[in-house]
Amino acid sequence: MTASYLSLLLADGRLPTGAHTQSAGVEPALRHGMRVDEVPAYLRVRLATVVEVEAAAAVVAGHVWTSGVVRAGCGASTVVEALAEVDAAWRVRTLSDALREASDLLGRSYLRTAAAVWDLTPFATAAGPWCRAVVLGVVAAEAGLDAEQTARLVAYEDVQTVVAAALKLEPFDPSVGVRWAADAAVAVEALVSRVVDARTTTDIPAHSAPLVEEWGQHHKTSERRLFRA
């Protein structure tokens with residue numbers, strides 16, 4: 001299989017990774033007053049903050065896996081230890097435990113599915129939890145995707161998750177959602193250019209989106225919700 005084909009496979013929302021249970025924060029955002037017509041702006045904010053952090057972490061994880069690098073910046077002696085450093089770097093940049101838990105859930109599901117296709121030893125048998133960014137970075141690297149394709153995969157998947165969730169929560173003309181996803185391409189490519197050269201944990205940015213994280217915390221304890229996060 002070619003990398004292009006595999007990137008389509010990994011970005012497919014029908015891949016059994018549990019992504020359908022996530023709204024990328026759009027459900028709590030709508031519940032806390034964001035209008036549907038503000039979804040494009042919400043996408044741009046995510047791509048410039050939390051998604052960029054995740055994409056950079058995925059790119060670094062992919063580099064560690066591909067090169068067999070035994071150091072990701074501070075003293076790791078094995079690939080798994082180096083990946084654990086990448087995982088920790090993502091966690092200290094994600095203050096909301098609700099968002100971290102959602103990422104761990106997706107990472108676990110993604111790893112279980114991918115390990116059935118590719119040999120991810122010793123990563124697949126190492127103790128977790130692993131955030132989604134690290135799992136996706138390793139899987140993408142094992143599948144032959146380069147850093148640019150990996151970053152684009154992370155960003156594109158987030159765009160599609162937001163648009164799909166918005167459609168379920170506040171139904172509107174689906175063609176509008178397609179236009180929003182197409183319009184987001186400029187922000188996606190800008191993100192790719194910013195993170196494509198990330199190689200160590202110090203290259204992972206520390207952007208935050210306080211309101212997105214606050215909404216995620218409220219959503220965690222909400223008794224009326226369609227999505228887990």
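## Close-up views of a predicted model

**View 1. The largest nonpolar core of the predicted model.** This core has 77 residues, of which Leu-10, Val-26, Leu-47, Leu-83, Phe-123 and Val-134 touch the most other members. Helix H4 contributes the most to this core, 12 residues. A nonpolar core is a set of buried Ala, Val, Leu, Ile, Met, Phe, Trp, Tyr and Cys residues joined through side-chain atoms within 4.5 Å; buried means under 20% relative accessible area, exposed over 50%, and partly exposed in between, with a 1.4 Å probe and protein chains only. Helices (H or I, at least four residues) are DSSP runs numbered from the N terminus. Beyond its neighbours within four places in sequence, Val-134 is in contact (heavy atoms within 4.5 Å) with Ala-61, Leu-83, Val-86, Asp-87 and Phe-123. Residues are numbered from 1 along each chain as its sequence is written. The model is predicted, so local features need pLDDT of at least 70 and side-chain atom pairs count only at pLDDT 80 or more, while totals for chains, interfaces and linings use all residues; side-chain values use heavy atoms, with hydrogens and water left out.

View 2. The space in the largest pocket is about 640 Å³. A pocket is an open set of points on a 1 Å grid over the protein atoms alone, where a 1.4 Å probe fits, with protein on both sides within 12 Å along at least five of seven lines; lining residues have an atom within 4 Å of a point. Grid points are joined across faces, edges and corners, and the volume is the space filled by probe spheres set on the points. Of the 35 lining residues, Gln-22, Leu-99, Ala-102, Ser-103 and Leu-106 lie nearest the centre of the pocket. Helices H4 (50-67), H6 (97-115), H8 (147-169) and H11 (210-220) each supply at least two residues of the lining, and H6 has the largest share, with 9 residues. By class, the lining has 14 nonpolar, 9 polar and 12 charged residues; Ala, Val, Leu, Ile, Met, Phe, Trp, Tyr, Cys and Pro count as nonpolar, Asp, Glu, Lys and Arg as charged, and the others, Gly among them, as polar.

**View 3. The buried face of helix H1.** In H1 (residues 3-11), Leu-6, Ser-7, Leu-10 and Ala-11 are buried. Down the helix axis these residues fall within an arc of 130°, so they line one face of H1; the arc is that of the directions from the helix axis to the C-beta atoms. They pack against H6, H7 (132-142) and H8.

**View 4. The two sides of helix H9.** Gly-177, Trp-180 and Ala-181 are the buried residues shown in H9 (residues 174-183). Their arc around the axis is only 100°, which puts them on the same side of H9. Val-178 and Asp-183, on the other side, are exposed. Cover for the buried residues includes H3 (39-48), H8 and H10 (185-195).

View 5. Pro-129 is in the loop between H6 and H7 and is partly exposed, at 46% relative accessible area. Neighbours within four places in sequence aside, Pro-129 is in contact with Asp-87, Arg-91 and Asp-104. Thr-113 lies in H6 and counts as buried at 19% relative accessibility. With neighbours within four places in sequence again set aside, Thr-113 is in contact with Pro-16 and Thr-17.
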